[in-house]
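Dear colleague,

Please find below the structure that I am handing over to you.

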Amino acid sequence: MNVPLFSPLQVRSLLLKNRLVMSPMQQYLSPDGLVGAWHLVHLGSRAVGGVGLVITEATAVSPEGRNTLFDTGLWNEAQVEAWKPIIQFVQAQGAKIAVQLWHAGGKGSHAHPTAGFHYLPPTDGGWVTKSASAVSLDKQHTAEALTMTEIATLVADFAQAATRAVHAGFDAIELHAGHGYLLHQFYSALANHRSDAYGGSFENRIRLLLEVVDAIRAVIPEAMPLLVRLSAVDFSDEEHAWHLADSVRLVAVLQQHGVDVVTASAGVFSAPDRAKLVPSYQVPYAEKIKADTGILTGAVGLITTPEQANELIATGQADLIMLARELLRDPYFPLRAATVLHADTPVPTPYTRAFPSSGR
Ligand SMILES: Cc1cc2nc3c(=O)[nH]c(=O)nc-3n(C[C@H](O)[C@H](O)[C@H](O)COP(=O)(O)O)c2cc1C
């Protein structure tokens, strides 16, 4: 049966078997930025469960790009080697895998969430955080503004991490440019108070993101997709905050710079009104961006049922469905969705006796 959620999608040379994506989810289990057995099972089980694309947790491009001391990284060769078996396992299940690259900027240097997630000063094993401007994003410490030289280094760090991602065997790269982290700290005037070429006008505030996109595109194969996760809105009524119209304008430019897919998330310099957290609450952002620019979009946020996910694809509101917490509850959501929606999807051979419709 032709079920939209289980229709394939081609992005450059990458063929996804369906529209279900594992959304990035930080695990805070990586001292020295190294992935291990947990990540193999955590990411691998969602591949066994049938997602078309796995996106790793936010993976730092440099030690100072981390949010905590336990974030995954891609700033050295040991990290490349640690990723390889995980990538190969995911791919062996017929899924593709993208790494989400990021820099936490002024939100960096925090203790592990179970230890209170408080700012760690350099005297306590942390570091001086850098951002677009001297702002306090956690209300505990003030970041320093990046110098021009440091900005150039940062762009190079992204390019080097992307090169390592290619060597590790990742199928695609997603750039994390949302959730109040460094790239968002530049494009939103809520955090960017610079008066040089990287601040002030819209063009100046998006400059760093474009430089990073260009630097990554320059080192990855032409055929490799580049995804960007944005905060489509700042959840703020302030006039100078980032609004949906800004995202549409930005995405039109990102397309010209070789970005293939945009995931429309939102916040988090401030959290949204809890009353607004209803199913599919962020879908209108993906829908508007897709309608106005024609780019492929990923919808994310409180998508929890097969019918809901299928409807979003069928109606063309988004091209991909990014699932986070629902996949923590049920790693086999795609196999369940295929049964519920009467869709054909490959079932891992050892599991076929549990899925009579798969033919055994
Ligand atoms: C445990 C956890 C960790 C997360 N870590 C990341 C991350 O590393 N990068 C990111 O872009 N979003 C991260 N998110 C946000 C999710 O990818 C997703 O956007 C959000 O949870 C909303 O989707 P959901 O309603 O399906 O959970 C995280 C969410 C959770 C629950």
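The space taken by the ligand is the largest pocket. Please note that the model is a predicted one.

**The ligand and its surroundings**

The ligand is surrounded by 14 residues, and the closest include Ser23, Pro24, Gln26, Leu302 and Arg325. Sorted by class, this shell comprises six nonpolar, six polar and two charged residues.

An oxygen atom of the ligand lies 2.8 Å from a backbone N or O atom of Pro24, and a polar backbone atom of Ala58 is 3.1 Å from an oxygen atom of the ligand. With Gln100, the side chain takes part: one of its N or O atoms is 2.8 Å from a nitrogen atom of the ligand. The ligand exposes 610 Å² when taken alone, and the protein buries 81% of that area.

**The annotated domain**

An unreviewed UniProt entry lists residues 5-339 as "domain: NADH:flavin oxidoreductase/NADH oxidase N-terminal". Over residues 5-339, the chain is 35% helix and 17% strand, and the end C-alpha atoms are 12 Å apart.

**Two points in the backbone**

Most peptide bonds are trans, and most residues other than glycine have a negative phi. Against this background, two places deserve mention. Gly267 and Val268 are joined by a cis peptide bond, with omega about 0°; Val268 belongs to the loop between strand E11 (261-265) and helix H8 (283-293). Arg12 has a positive phi, near 50°, and is found in the loop between strand E1 (9-11) and strand E2 (14-16).

With kind regards

Conventions
Residues are numbered from 1 along each chain as its sequence is written. This is a predicted model: local features need pLDDT of at least 70, side-chain atom pairs count only at pLDDT 80 or more; totals for chains, interfaces and linings use all residues. Side-chain values use heavy atoms; hydrogens and water are left out. A residue is near a molecule or strand if one of its heavy atoms lies within 4 Å of it. A polar contact is a pair of N or O atoms within 3.5 Å; within protein, one must be able to donate a hydrogen and the other to accept it, and residues adjacent in sequence count only if both atoms are side-chain atoms. Accessible areas come from the Shrake-Rupley method with a 1.4 Å probe; for residues, only the protein chains shown count as cover. On a 1 Å grid over the protein atoms alone, a cavity is a set of points where a 1.4 Å probe fits but cannot get out, and a pocket is an open set with protein on both sides within 12 Å along at least five of seven lines; lining residues have an atom within 4 Å of a point. A molecule sits in a cavity or pocket if more than half of its atoms lie within 2 Å of its grid points. Ala, Val, Leu, Ile, Met, Phe, Trp, Tyr, Cys and Pro count as nonpolar, Asp, Glu, Lys and Arg as charged, and the others, Gly among them, as polar. UniProt positions are given in the numbering used here, feature names are shortened, and annotations may be inferred rather than shown by experiment. Helices (H or I, at least four residues) and strands (E, at least two) are DSSP runs, numbered from the N terminus.
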